[in-house]
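I opened my notebook to look up a few things in this structure. Come along and keep the 3D view open.

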Amino acid sequence: MSVFEPFEAFGDVDEIADRLRDPDPSVRRLAAIELGETASPEAVPLLAAAIADPAPEVRRQAARALADFDGIEAARALASGLQDPDAETAAAAAESLAELKDPEAAPALLPLVDHADAFVRAGALRGLKALRSPAAFAPAAAALRDPAPEARVQAVGVIGYLKLSEALPSLIGAARDEAAEVREAAINALAFTRHPSAAEAVAAALDDPDWRVRAAAAESLGRIGVGDAAAALVGALRDGFWQVRQKALVSLGKLRQRSAAQAILPLLDEELPLLRKEAAAALGEIGDAGAISALERRADDPDPDVRKTARWALTRLGG
Amino acid sequence: MDEIKDGLAEVACDVLVIGGGTAGPMAAYKAKVRNPKSRVILLEKANVRRSGAISMGMDGLNNAVIPGYATPEQYVKEITIANDGIVDQAPVLKYARNCYGIIEELDRFGIRFQKTENGDFDVKKVHHLGAYVLPMPNGDTVKKALYRQLRREQILISNRYMATRLLTSRDGHVAGAIAVNARTAEFLVVRAKTVILCMGAAGRLGLPQSGYLYGTYENATNSGDGYAMAYHAGAKLANLECYQINPLIKDYNGPACAYVAGPFGAYTTNAEGSRFIECDYWSGQMMQEFYNELQSGKGPVFLKLDHLHDETVTEIETILHKVERPSRGRFHEGRGTNYREKMVEMHISEIGFCSGHSASGVFVDDLARTTVPGLYAAGDMANVPHNYMLGAFTNGAVAGEDAADVASGIDLPEFDMAEVEAERERVLAPTRREDGVPPNQLEYKTRRLVNDYLQPPKVTAKMRLGQLRLEEVRDDLDTNMMVRDAHELMRSLEAASILDCADMAAAASLYREESRWGLYHNRVDFPDKNDADWFCHTLLSKKDGRMVAEKRAIEPYLVQIEEHERSAYDRQRILKQA
Amino acid sequence: MPLASSPTTVPVVVDEAKCIAEKGCTVCVDVCPLDVLRISEETGKAYMKYDECWYCMPCETDCPTGAVSVNIPYLLR
Ligand SMILES: Cc1cc2nc3c(=O)[nH]c(=O)nc-3n(C[C@H](O)[C@H](O)[C@H](O)COP(=O)(O)OP(=O)(O)OC[C@H]3O[C@@H](n4cnc5c(N)ncnc54)[C@H](O)[C@@H]3O)c2cc1C
Ligand code: SF4
Ligand code: SF4
């Protein structure tokens, strides 16, 4: 009868380290994979060395393996990987940086926010986001003027995650950025506060030339939950994009804006059933009895979701 | 690799977790953290790195109960109604209360949930009744993050061992399990003080319409071994007639993902482009509507995305083609289906047992304890209805902690070596035949019979005939099955589990003489719901070598369902005839 | 009853020029939930031994050299 070991080996870091010195890059690459799987802190310095390996495939693998670790040492290694001339290694390092959680890692990334390469700047900012380190605020605010929009988007994220009231002016500025994706991010990031200046900036974005920014604004207004957003949202009910009208309906329902009820009624006749349903739901939330007869017409809508929502709204309105 | 070796080893531990998919890793982790001195073994038929339903991640948490969005009580109400009232609410309430803490913990593990620009969970509402989804657009790293935690806690992992039977002591306490190596056929006896079964759904029960044995909705590794093992150990299994059936992309057998595409504005329609689903809950009732539409002149059924903006479709595609069932994109490509131009044809899946999506599972209480002392079950195979991925994690955690506590207070139970010997004989019998039927043919036949005779609409006379035919297959399996290597040996053991599940599906379906849960238990000769006689669980178990069925009362509700809430749901019920 | 060997196409293809199994890699074989991949004794490269695939893709995603491609099994293509 054979003798066998039924458990996965825990991986002997020293033994794997030997293979990291093998002349064959494929062997070194496989060693890097195994080091990651040990999940042992002792593997980090070895992976930090491997991320400087002459062979790009080894560096790539080390950059991926470092995703299994947290802390300053791993962050330093990944920061160097982020600057790798091999695009795949740099991309892998950026992905792994986004896994960091421990704020201790911030000092490894902060200097890179001014790096000459936009990819490095954006990657460093992306890594900083989840660390929520207050030290990142000033550099991120400066990065809102970065020439590269992808870096500006990440800078908005860093600031948004911190939820600091002193960040409002920067985010409001970013809501007027020339790049639509930056404006969209800023509009989303402003949703954490009930400050009137935030609501105002978000409401202004309902006139944005880009439909996705307008949709984000309509949604954010519902989250911000400041009542006088209603007038702006009512305007958005006439937006040319149904996606924006839909978000505006949801937000008006959430805010229970009685004054908006009349403006919502025409949307019960939208062609897309999704919007008829949202309109009925919003009227149900608002609870204005003036909507009863219009909702009654929708109680037999050909679309089941619309009729169910209309009936639900009617019970709420006492109709 | 794959040649059959003669080997037998014995190891012992405090807590044995079988199945390292979703619930299992969490159970093992929690058991170890609860009692760091304890020895915890995680046994897995595949490899924990990429095993289970969440092998490539999931699109999102389907049933997140997050403070500020939904309350535990609301959730319990919904699940009770969606499950036609046949629910013990205590485990559901416990899940609802614990699951947010688990989300936060998973987030700390490095599992990536969608966040807003403020770093908060980006919860999406599915419909006005309060179903909430938390997307995981980069969820393909879920298993990596779990594996990392297991390594950090130094949990003993045995990959490629297929558990085949549980061991019990003379007084009926669980004593461990027997497993077979999937590549060498060597035997491993794991003695344990407590055992947690996390072996997923019985996903290879019905045959997919494509005829491909592994083209199942569920991860095809989940062949119902957990159900079979629980049964043979004397545990009770609840409501197995409440099958799992899911809407799918036709032929691809992956979800059509209304949950992902829904929040973006996509929806399910008939061939006329009209919505037809009346039911508010993901339930057998909804599946009945789906089935009826497929059978009607308005079928087939489609997922409609062609009204969405190009950029939105691209966003949906990046999620759907990366996570969960990432080969979906390749399937569409092969057929020239572009979401922007064509609606996607949908269908319904083969039948299976699963509590993750339905309510068919091993009976457990709110500590995940089965009816066998020391034996626990969590995830898809434990009957906490509709608990999905987050339920697997949350209830796995509950099981892990309680099993660690119980184990710390008892000695290693004794077991009977004769049981091991008998199991070795059963397992190895097909290797000793020179000639016979290979497991794939036995499996194909069993599953084809399941489709022909046990799939709803269920007809009494047909199910009885089905039982007779399945008995013939069992005869072949017992006396005539033949395997040539260790890999085939694993398949032969799976074929046996599948056959056990088919027998249970027939027995449970015949026992409940009413219709309930929409399509799941649509019994043509008992077309009505009959609360007077059948407002209860049905339990199957093995007594003196025979399969017996019994009723069990529903525990008094902790969250009351108002009469008007229930009747509103009942009014949605439709005639079963298509 | 005697056995026949019936042909079947398998969905997973390995690019042998890229595969580094001979250097000790077994990643795809390790991660496959259905355990259907093996390293060939003849070529020293990975290949699909059994036509029992869930087209789930860990083999392709985790292969360090990008050698694996998963196709949809013919019966459901
Ligand atoms: C395609 C698909 C899409 C889904 N989408 C979602 C979604 O978007 N959101 C959501 O919340 N839920 C979703 N679910 C449901 C969710 O994934 C499951 O409910 C959950 O993952 C089940 O966890 P589990 O631990 O019970 O089973 P699994 O994760 O499947 O684990 C079972 C494990 O047991 C092992 N095993 C089986 N037999 C044996 C044996 N004999 N010996 C040893 N080990 C064995 C298997 O290899 C496997 O690793 C989806 C499920 C599927 C299949
Ligand atoms: S993972 Fe890739 S390189 Fe490794 S054995 Fe498989 S095909 Fe070859
Ligand atoms: S697609 Fe999945 S089942 Fe098929 S070979 Fe790859 S890992 Fe295995």
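Where in chain B does Ala368(B) lie? I found Ala368(B) in the loop between strand E15 (361–362) and strand E16 (375–377) of chain B. I kept in mind that this is a predicted model. Ala368(B) is not a glycine, yet its phi is positive, about 65 degrees. I then looked up its accessibility: at 5%, Ala368(B) counts as buried, because the cut-off for buried is under 20%.

Next I turned to Lys163(A), also not a glycine, and noted a positive phi of about 50 degrees. Lys163(A) sits in the loop between helix H10 (149–162) and helix H11 (168–174) of chain A. Its relative accessible area is 35%, so I wrote down "partly exposed".

Then I looked up cis peptide bonds. One joins Gly299(B) and Pro300(B), with omega about -10 degrees. Pro300(B) is in the loop between helix H7 (284–295) and strand E13 (301–304) of chain B. Another joins Pro456(B) and Pro457(B), with omega about -5 degrees. Pro457(B) belongs to the loop between helix H12 (439–454) and helix H13 (460–480) of chain B.

Last, I checked where chain B meets chain C. I noted 42 residues of chain B in contact with 31 of chain C. In chain B, Arg50(B), Tyr212(B) and Arg330(B) lose the most area to chain C, together 21% of what that side buries. I counted 7 salt bridges between the two chains. Asp35(C) forms a salt bridge with Arg183(B), and their closest N and O atoms are 2.7 Å apart. The chain B side that touches chain C has 16 nonpolar, 12 polar and 14 charged residues.

Terms used. Residues numbered from 1 in each chain as written. Chains lettered and ligands numbered in written order. Predicted model: local features only at pLDDT ≥ 70, side-chain atom pairs only at ≥ 80, totals over all residues. Heavy atoms only, no water. Contact = heavy atoms within 4.5 Å. Buried area = accessible area lost by both parts, 1.4 Å probe. Salt bridge = Lys/Arg side-chain N within 4 Å of Asp/Glu carboxyl O. Nonpolar A, V, L, I, M, F, W, Y, C, P; charged D, E, K, R; others polar. Helix = DSSP H or I, 4+ residues; strand = E, 2+ residues; numbered from the N terminus. Buried < 20%, exposed > 50% of the residue type's maximum accessible area, 1.4 Å probe, protein only.
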